[in-house]
Amino acid sequence: MIQARLAAPRRAALLTSLVLGAAVVRALLLPIGDGFSTAVFAASLLAIAVIDGRALRPSPVAGEGATPAWRLAWSVLLGVVVGMLLIGPAITDRLADRPIGDFWSWAAIAAIVASLEETAIRGVLYRHWLAEAGPLAAVAIGAVVFSLIHLPRYGLTALPLDFAVGLALGGLRSVTSRVIPCAVAHTIADWGAWFWA
Amino acid sequence: MQARRVGLVALLLGLLSAALLHGRLGAPPVYDGIVVPPAPYRYESPPPNLRNGNQLPLGGQAVLPAPNGTVAGGGVQTDDQQVITFWGLGTLKAPAGTSSVTCTIQPVANPPAPPAGVELRGNVYAINCVGQPANGKVTATTTFHLTMRIPPGTVNDIRYYDGQSWHNLTTLFAGGGDPYASVNAPGFGEYAAMARSGTATSSSPFSDLSRYLEFYGILALVLLFGIIAVAQEIRRRRQRRPSTVKKR
C-alpha cells in the first residue's frame with residue numbers, strides 16, 4: 001500500500017506534465033497552422049489516453065455493482081444540462097450570422113477535440129489524482145490544467161473563466177463517475193461559439 | 001460518497017463562477033476545439049457568385065464625451081464588426097462648447113470611383129464624427145487606428161478618400177489567415193480595401209484545397225488514433241477475461 005501511494009504521484013505528475021506539454025507543443029506549432037497544431041494536440045491527448053488505457057472506464061464507486069444503462073443515460077442527460085448552463089450566459093449576446101450549413105463539419109472536429117481533452121483531463125488525470133490525493137485534489141488539479149492549456153490561445157483574461165468551467169466539469173466527473181457527460185457538456189459549450197462568438 | 005459531495009460543490013461553484021465571469025470577459029465559456037470560422041463577409045454590392053445569401057453590411061455609431069472640446073479616447077465599430085476604429089485621448093478636436101461627439105461608420109452605397117489600375121474589394125466605409133449639440137466640425141489631430149475586415153480574394157492595401165482623391169496607406173495584414181487588415185487612418189472620409197486590376201476576386205482553388213486537406217487531415221489523424229485506441233481496449237479486455245473466470 002505504501003509503495004502504491006509513493007508510486008502514484010509520480011505517475012499522476014508525469015501524466016499531468018504530458019498533458020501540459022501537449023498544450024505547449026500546440027502553442028509552438030500554432031504559427032504553422034491552426035489545423036496542424038490542433039491535430040498534433042488531439043493526437044497527443046489520444047496517445048496519453050491510449051498509453052494510460054483506463055481513462056474511459058467509470059471510476060469504481062463503493063457499494064455499486066455493474067452500472068445499469070439508465071445510470072449512463074442519466075449522466076449523459078446531466079452532461080447536456082451542464083453544457084446548456086455553460087452556454088447560458090452567452091445566449092443573450094447578439095447571434096453570429098455564420099451559415100448553419102457549414103456548422104456540422106466544424107462541430108464534428110470541435111466535438112472530437114473537446115472529447116479528447118476530457119478523456120485526458122477528466123479521464124486519465126482525474127483517475128490518477130483521485131487515487132493518490134483524493135477527490136478535491138483531482139477536481140482542483142483538473143481545473144488548473146484545463147485553464148493552463150487554454151492560456152496560450154486566450155491569454156490571462158480567460159484564465160479565471162476557464163478555471164471555473166474546469167471546476168464545473170471536474171465536479172460533473174465526480175458526481176457521475178464518468179467522462180462521457182463531461183465530454184457532452186464541453187462539446188455543447190464549444191458549439192455555442194458558432195452561434196454567439 | 002465524499003467524492004460525489006465534493007463533485008456537487010465543485011459543479012455548482014464552477015457553474016456559478018462561469019456565469020458571473022462571462023459578462024466581464026465577454027466570451028463564450030470554452031470554445032477551444034478549433035478556430036471558429038468568421039461569418040461570411042457582408043457586401044453592399046456582392047459579386048454575382050455571392051449574391052445568394054448575402055446580408056447587407058451594418059453601420060455603427062458611438063457617442064463620446066467631449067468636455068471643453070477635447071474628446072476622450074474611445075472607438076466605434078460597425079454592428080457586424082467589419083470595421084473597428086479607436087483613438088487616444090486628444091486625437092479628436094471638437095469646437096468649443098461641444099459637450100459630446102457622435103462618431104459613425106456607414107457603408108457607402110455609391111462610392112467614389114477607384115483610381116485607374118486598381119479595383120475596390122468589398123465595401124467602402126465612410127467614417128465621420130460631429131460635435132453636439134451644434135453639429136460642429138470635428139477633426140483628427142493625429143492618425144487613429146482602423147481595422148477593416150477584408151473579403152475573400154486578393155487585397156493589396158487599404159486606401160483613404162479625402163473627398164478629392166484616393167491615397168494608399170501602409171497596411172498591416174493580420175496573420176494566421178485572419179481576414180483583417182489595419183492602417184493608421186489620417187482623417188475622416190471614405191476607406192476601402194483595394195487590389196490591382198486583374199487579381200483574384202475570390203479565394204483561389206489552391207487555398208480552398210489546402211483548407212480541405214487540413215480539415216480532413218485532422219479527421220484522418222484522429223480517426224487513426226481512435227481505431228488504435230479501440231483495438232487496444234478490445235485486446236486488453238480479452239486479456240483480462242481469463243483471470244476473471246479463474247477468480248470465480
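**Stop one: a helix pair in chain A**

Start by showing side chains where two helices of chain A touch. On the H5(A) side, select A:Val139, A:Ala140, A:Ala143, A:Val144, A:Phe146, A:Ser147 and A:Leu148; they meet A:Leu159, A:Asp162, A:Phe163, A:Val165, A:Gly166, A:Leu167, A:Leu169, A:Gly170, A:Gly171 and A:Ser174 of H7(A). Colour that contact by residue type and you get 11 nonpolar, 5 polar and 1 charged. Keep in mind that this is a predicted model.

Now switch to cartoon and select residues 135-149 of chain A for H5, then residues 159-176 of chain A for H7. How far apart are their axes, and at what angle do the helices pack? The axes sit 8 Å apart, and the angle is about 140 degrees. Angles over 145 degrees would count as roughly antiparallel, so H5(A) and H7(A) are oblique to each other. Turn the view until one helix lies over the other: H5(A) passes H7(A) in a right-handed crossing.

**Stop two: helix H2**

Next, select residues 34-52 of chain A, which form helix H2. From first C-alpha to last, the 19 residues of H2 in chain A reach 27 Å, close to the 27 Å expected at 1.5 Å a residue. Is H2(A) mostly covered or mostly open? Mostly covered: 14 of its 19 residues are buried.

**Stop three: chain B**

You'll find 2 helices and 14 strands in chain B. Of the 248 residues in chain B, 38% are buried. Among chain B contacts with a separation of 6 or more, 67% come from residues 24 or more positions apart.

Notes. Residues are numbered from 1 along each chain as its sequence is written. Chains are lettered from A and ligands numbered from 1 in the order in which they are written. This is a predicted model: local features need pLDDT of at least 70, side-chain atom pairs count only at pLDDT 80 or more; totals for chains, interfaces and linings use all residues. Side-chain values use heavy atoms; hydrogens and water are left out. Axes are lines fitted to C-alpha atoms, for helices over the stretch in contact, and angles run from 0 to 180 degrees between N-to-C directions. Helices (H or I, at least four residues) and strands (E, at least two) are DSSP runs, numbered from the N terminus. Angles under 35 degrees count as roughly parallel, over 145 as roughly antiparallel, 65 to 115 as roughly perpendicular and the rest as oblique. A crossing is left-handed if the near helix is turned anticlockwise from the far one by less than a right angle, and right-handed if clockwise. Contact means heavy atoms within 4.5 Å. Ala, Val, Leu, Ile, Met, Phe, Trp, Tyr, Cys and Pro count as nonpolar, Asp, Glu, Lys and Arg as charged, and the others, Gly among them, as polar. The expected span of a helix is 1.5 Å times one less than its number of residues. Buried means under 20% relative accessible area, exposed over 50%, partly exposed in between (1.4 Å probe, protein chains only).
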